[in-house]
Amino acid sequence: MTGMAEIAVVGGGMVGIASAIALRERGLDVVLCDPGEARARTSYGNAGVISRGSILPMASPALWSKLPAYLRNADRALRLDYRHLPRIAPYLAHFLANARESRWRDSASALIPLTSAAYPAHERLAAKTGTSHRLVRNGWIKAYRTEEAFRGAALEREILREHGVAFDILDGHTLREHEPALVRPYARAMLLPETGSVREPGRLVEACEALYARMGGQRVRASVNRLFPDGDGWSVVLDDGTFRAKRVVLAAGAATGALTKPLGYRFAVAAERGYHRHFALRPESPPLTRPILDTGAASILAPMGESGIRVLSGVELSARQAPPDFSQIAAASREAAGTLALGGPLDNEPWLGSRPATPDGMPVIGWAPKHDGLIFAFGHGHIGLSTGPITGEIVADLATGRPPSVPINPFSADRLLQWPRLA
Ligand SMILES: Cc1cc2nc3c(=O)[nH]c(=O)nc-3n(C[C@H](O)[C@H](O)[C@H](O)COP(=O)(O)OP(=O)(O)OC[C@H]3O[C@@H](n4cnc5c(N)ncnc54)[C@H](O)[C@@H]3O)c2cc1C
């Protein structure tokens, strides 16, 4: 590559590819760097849920009552890999510091403009990529096995109501009318009708890559080893050479921390790993029409297109590159077999991905505080598939000097640098 590109985008998951497309649309000369392994992206293997109501971070005030079970690895929502505790300890400390009602409410207020803009941004992207048939807006369901579990989510409902997020409460009978495929009895459920979902999110990312190529976007199929400011721009170092760009967008998902550290940013971020496995529904079963969160199993069951039912696990806190541990997805799959009439697995081995997580459950979107020409777009945690396209539009706003369409002050990197000993 000769000369200096106007902007390089590092990472081609939902966030990076949406940024690259939006930047091309604004007429910039863009170079997208990503090794291009579809299954290596978290954007490939998620549940595909796009919900306005996804405004309540994992660091919730309810966490404290569950902490003893979490620490014993006795709750399906979390597996803590103690071998990697020193590495994830800073993240855990900050995560626990966020598990307060006031912080939960602050995050919800900051996130609602972003999650509200997420579905319209997906519609725009789907129209351009020809994937509108993969976008379904018939809601998603959070199902509770007991009245006690339902009562335990009262604060969540109160905050959703305060932010005008629509939901209907269903009893067990009405839930079965909505989803006759469910064979497990549930006490109550919450149906969030504004929610949409993407069937086969990996196919959406592939369609985005094809669109980007048709738009004349440049592509480097390689990992970026290092970035450094260089004169009036940046040098981007690959295995087999270096190229220059005036500006850089850092959107490498859970791998972003490794690239920011040499630049002097020590963020308390973590890879919240998660697994999925696909199953067929038995022929006699009615179809599952929308994603279901079985709160009792801490597992989502999401109808995909070609791939059947995707069963997804809770969170595993471990090193990003540690070998997989299939115990959580095995447990989730056993539970799923009691929830739906499932046939055998459709894939040989479960998939593993890493949610790029911040302790307060909010992404980092904005200009880097200590450098010129560097835009951060990472840390989307549990909502990166849904908020990726709107993040791409915001990145393009920043790069072209327009005010972002969504307030991004709460997503500034500064908030994660304020922690003692991490800045
Ligand atoms: C089990 C599970 C269920 C989920 N369900 C949902 C859901 O229902 N809804 C939702 O909104 N979100 C969900 N998520 C979260 C969502 O998948 C992520 O937030 C999102 O995919 C993050 O997108 P990203 O582009 O930041 O990262 P990724 O998709 O991981 O993309 C990062 C890219 O950067 C590339 N990269 C890494 N290092 C380098 C480097 N050095 N140089 C160049 N490229 C590099 C990688 O190859 C990769 O392609 C789920 C996640 C999991 C694990």
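## M14 and the nonpolar cores

Leaving out residues up to four places away in sequence, M14 touches S43, H122, L125, L204, V205, C208, G384, L385, G388 and P389, where contact means heavy atoms within 4.5 Å. M14 also belongs to the largest nonpolar core, which has 69 residues; M14, L23 and V249 are those with the most contacts inside it. A nonpolar core is a set of buried Ala, Val, Leu, Ile, Met, Phe, Trp, Tyr and Cys residues joined through side-chain atoms within 4.5 Å. Buried means under 20% relative accessible area, exposed over 50%, and partly exposed in between, with a 1.4 Å probe and protein chains only. Helix α5, residues 101-129, gives the most to this core, with 12 residues. A second, separate core of 29 residues includes A8, V10, V224 and A413. In soluble globular proteins, nonpolar side chains tend to be buried together.

## Basis of the model

This is a predicted model, in which local features need pLDDT of at least 70 and side-chain atom pairs count only at pLDDT 80 or more, while totals for chains, interfaces and linings use all residues. Residues are numbered from 1 along each chain as its sequence is written, and side-chain values use heavy atoms, with hydrogens and water left out. Helices (H or I, at least four residues) and strands (E, at least two) are DSSP runs, numbered from the N terminus.

## The ligand and its shell

The ligand is surrounded by 34 residues, and the closest are D34, S43, V224, G381 and S386; a residue is near a molecule if one of its heavy atoms lies within 4 Å of it. By type, the shell divides into 16 nonpolar, 15 polar and 3 charged residues. In this division Ala, Val, Leu, Ile, Met, Phe, Trp, Tyr, Cys and Pro count as nonpolar, Asp, Glu, Lys and Arg as charged, and the others, Gly among them, as polar.

A polar contact is a pair of N or O atoms within 3.5 Å; within protein, one must be able to donate a hydrogen and the other to accept it, and residues adjacent in sequence count only if both atoms are side-chain atoms. A polar backbone atom of M14 is 3.2 Å from an oxygen atom of the ligand. From S43, a polar side-chain atom lies 2.5 Å from an oxygen atom of the ligand. A polar backbone atom of H382 is 2.9 Å from a nitrogen atom of the ligand. Of the 1000 Å² of accessible area that the ligand has on its own, the protein covers 94%; accessible areas come from the Shrake-Rupley method with a 1.4 Å probe, and for residues only the protein chains shown count as cover. The elements that give two or more residues to the shell are α1 (14-25), α2 (42-45), β20 (351-357) and α12 (384-399). Among them, α12 gives the most, with 3 residues.

G13 lies in the loop between β1 (4-10) and α1. G13 counts as buried because its relative accessibility is 14%. Apart from residues up to four places away in sequence, G13 touches A18, D34, R41 and S43. G13 and D34 are 21 residues apart in sequence, and their C-alpha atoms are 8.5 Å apart in space.

L250 lies in strand β13, residues 241-250, and is buried at 0% relative accessibility. Beyond its neighbours within four places in sequence, L250 is in contact with V10, L227, T256, L259, T260, L374, I375, F376, A377 and F378. Although 115 residues separate L250 from I365 in sequence, the two are 9.7 Å apart in space, C-alpha to C-alpha.

## Buried polar residues

T115 is placed in helix α5 and counts as buried because its relative accessibility is 3%. A polar atom of the T115 side chain lies 3.3 Å from the backbone oxygen of I112. Not counting residues up to four places away in sequence, T115 touches S51, R52, S54, I55, I383 and T387.

S318 has its place in the loop between β18 (315-317) and α11 (327-339), and it is buried, with a relative accessible area of 2%. The S318 side chain makes a polar contact of 3.0 Å with the side chain of D81. Leaving aside neighbours within four places in sequence, S318 is in contact with D81, H84, I88, A271 and R273.

## Positive phi values

Most residues other than glycine have a negative phi, and most peptide bonds are trans. In E200, a residue other than glycine, phi is positive, near 65°. E200 is in the loop between β9 (196-198) and α9 (201-214), and counts as buried at 7% relative accessibility.

A298, also a residue other than glycine, has a positive phi near 50°. This residue is found in the loop between β15 (292-294) and β16 (299-303). A298 is buried, with a relative accessible area of 19%.
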